[in-house]
Amino acid sequence: KNANILKFLGGSIKGELVTCIFEYFPDMAPLSNRIKDISDSPKTLTIIAYQIAEGFRFLHSNNIIHGSLNLQSILFRLPSQGIYTYIWNFGLSNRVGVDYKILPPEFYKEGDFNPELGSNDGIYTFETDVYPYGLLLYHIGKLEELYSNVSLDKIKEIICDPNNRPSFDGK
């Protein structure tokens, strides 16, 4: 259990239909729907970033990779008592060491493609959760969608161009 992971309450499987039941709060919505409601004060942004990082610390300490972090996979509440963020939407998550390949890039929303996946034969690792966390920090810091005016093909071209990436060989 972790305060920044949405609680899974139960579920059922009937044929090919899988139903998951999660904790519910009436004032909760995906961060993508609430990004304009967020104060741009450094304190507010730091609280949100910290809560998401705490959720990831919990997942990674239990050898779980989220695999698809974006504005839709963070639920946000802004009740009168404070700020609460919850990681959820674990559709692509898996345990470390499981040979689980990524979906082809055409399945990703613009801006969500992770270059670390391309350098790791498409297998999820802890590092593949770090890149989307950086994008999320950009989103909440700028209070806008990243790459909102750029096509998916252009994003892939920019990300995959080796001239735009630092060397990771330790030099």
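**A helix pair and its surroundings**

Modeller: The axes of helix 2 (residues 42-61) and helix 4 (residues 127-142) come within 10 Å and cross at roughly 165°, where axes are lines fitted to C-alpha atoms over the stretch in contact and angles run from 0 to 180 degrees between N-to-C directions. Helix 2 and helix 4 are therefore roughly antiparallel to each other (the term applies to angles over 145 degrees). Helix 2 passes helix 4 in a right-handed crossing, meaning that the near helix is turned clockwise from the far one by less than a right angle. On the side of helix 2 the contact (heavy atoms within 4.5 Å) is made by L45, I48, A49, I52, A53, F56 and H60, and these face D129, Y133, L136, L137, I140 and G141 of helix 4.

This is a predicted model in which local features need pLDDT of at least 70 and side-chain atom pairs count only at pLDDT 80 or more, while totals for chains, interfaces and linings use all residues. Residues are numbered from 1 along each chain as its sequence is written, and side-chain values use heavy atoms, with hydrogens and water left out.

The two helices belong to a protein chain with five helices and seven strands (DSSP runs numbered from the N terminus, H or I of at least four residues for helices and E of at least two for strands), arranged along the sequence as β-β-β-α-α-β-β-β-β-α-α-α. Of its 171 residues, 39% count as buried (under 20% relative accessible area, 1.4 Å probe, protein chains only). Among contacts between residues at least 6 apart in sequence, 61% join residues at least 24 apart.

Elsewhere, ring pairs link F8, F22 and W88 into a cluster (ring centres within 6.5 Å, using the six-membered ring of Trp; edge-to-face means planes over 60 degrees apart). By this rule the count comes to four aromatic pairs. One of them joins F8 and F22 edge-to-face, at 5.7 Å centre to centre and with 70° between the planes, and it links F8 in strand 1 (residues 8-14) to F22 in strand 2 (residues 17-22), 14 residues apart. F22 also pairs edge-to-face with W88, at 6.1 Å and 85°; here W88 lies in the loop between strand 6 (84-87) and strand 7 (94-95), 66 residues from F22.

How values were computed: Rings of Phe, Tyr and Trp (its six-membered ring) pair if their centres lie within 6.5 Å; planes under 30 degrees apart count as stacked, over 60 as edge-to-face and the rest as tilted. Angles under 35 degrees count as roughly parallel, over 145 as roughly antiparallel, 65 to 115 as roughly perpendicular and the rest as oblique. Buried means under 20% relative accessible area, exposed over 50%, partly exposed in between (1.4 Å probe, protein chains only).
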